[in-house]
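Please read this report with the structure open beside it, and look back at the picture as each topic comes up.

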Amino acid sequence: MEIVVVRQRRKSISARVIDLDTIEIRVPWFTSQTMIEEFIDRKRDRLAKLLLEYQRKESRKLDPRYYYLGKAYTQVCVKSTRDHVSFQEDTVCIEYSSKSAADVLESFTRNEAKRLLEQCLRECMVLFPSLSKPILQVRKMRTRWGSCAYRKSKITLNSKLVHVPYLCIQYVVVHELLHFYYPDHQKRFHQELEKIIPDHRKVEKMLQEYGFLLEV
């Protein structure tokens, strides 16, 4: 393992895992090198255990596949000097430096979801010329893809929509915008939905196939 020593204003020595192969040792400013080495030697088993626990946690967080707009990509994590995510054919390359690979991917997902959902909302607003553009909130949700608070003129969309096909994203946005006219799923709601998305039942079924992502 790589050990990085950080001197700072503190009273005791502590250790924490930075990434899959690096541990940071925080020490008081004037701690001698001998004291640091003694701490590492004394805590070597504990440090190794911390690193192993971190690796196991990262393995659980990082599914070998990453879904982006409906396509599954194999994840490749690379220690780098920058935090960056890029796609190459069937793989997604996650470069990480100060953050963990999981954190880098989470940040990418959050930012990309906001961009895509804002874009989709703008596009779908053309279908509702009499409706003022609502406030958009993007956040993680575990039970639904979206919700509408029509009294507050706000819709909330699940950031995990970045993982499903764009057609499914359009369906969710249209669905929530329709609730400004029809708060409940009454007959008129479904009639209007069918006018806008004639094959909406196929899209609904497609979206259901990605339901497992809600639990991730």
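In this predicted model, 41% of the 216 residues of the chain count as buried.

The chain holds six helices and 10 strands. Its radius of gyration is 24 Å, whereas the globule rule gives 17 Å for 216 residues, and because the value for the chain is well over that figure, the chain is more spread out than a compact globule. Along its principal axes, the C-alpha trace spans about 75 × 35 × 25 Å. When contacts with a separation of 6 or more are considered, 45% of them are accounted for by residues 24 or more positions apart.

| Item | Value |
|---|---|
| Positive charges of the chain | 39 charges |
| Negative charges of the chain | 28 charges |
| Distance between their mean positions | 7 Å |

In which strand does serine 86 have its place? Serine 86 lies in strand β6, which covers residues 84-88. Is serine 86 buried or exposed? Its relative accessibility is 18%, and because buried means under 20%, serine 86 counts as buried. If its neighbours within four places in sequence are left aside, serine 86 is in contact with Thr91, Val92 and Cys93.

Technical notes: Residues numbered from 1 in each chain as written. Predicted model: local features only at pLDDT ≥ 70, side-chain atom pairs only at ≥ 80, totals over all residues. Heavy atoms only, no water. Helix = DSSP H or I, 4+ residues; strand = E, 2+ residues; numbered from the N terminus. Buried < 20%, exposed > 50% of the residue type's maximum accessible area, 1.4 Å probe, protein only. Contact = heavy atoms within 4.5 Å. Rg over C-alpha atoms; globule rule 2.2 N^0.38 Å. Lys, Arg positive; Asp, Glu negative; His and termini not counted. Charge placed at Lys NZ, Arg CZ, Asp CG, Glu CD.
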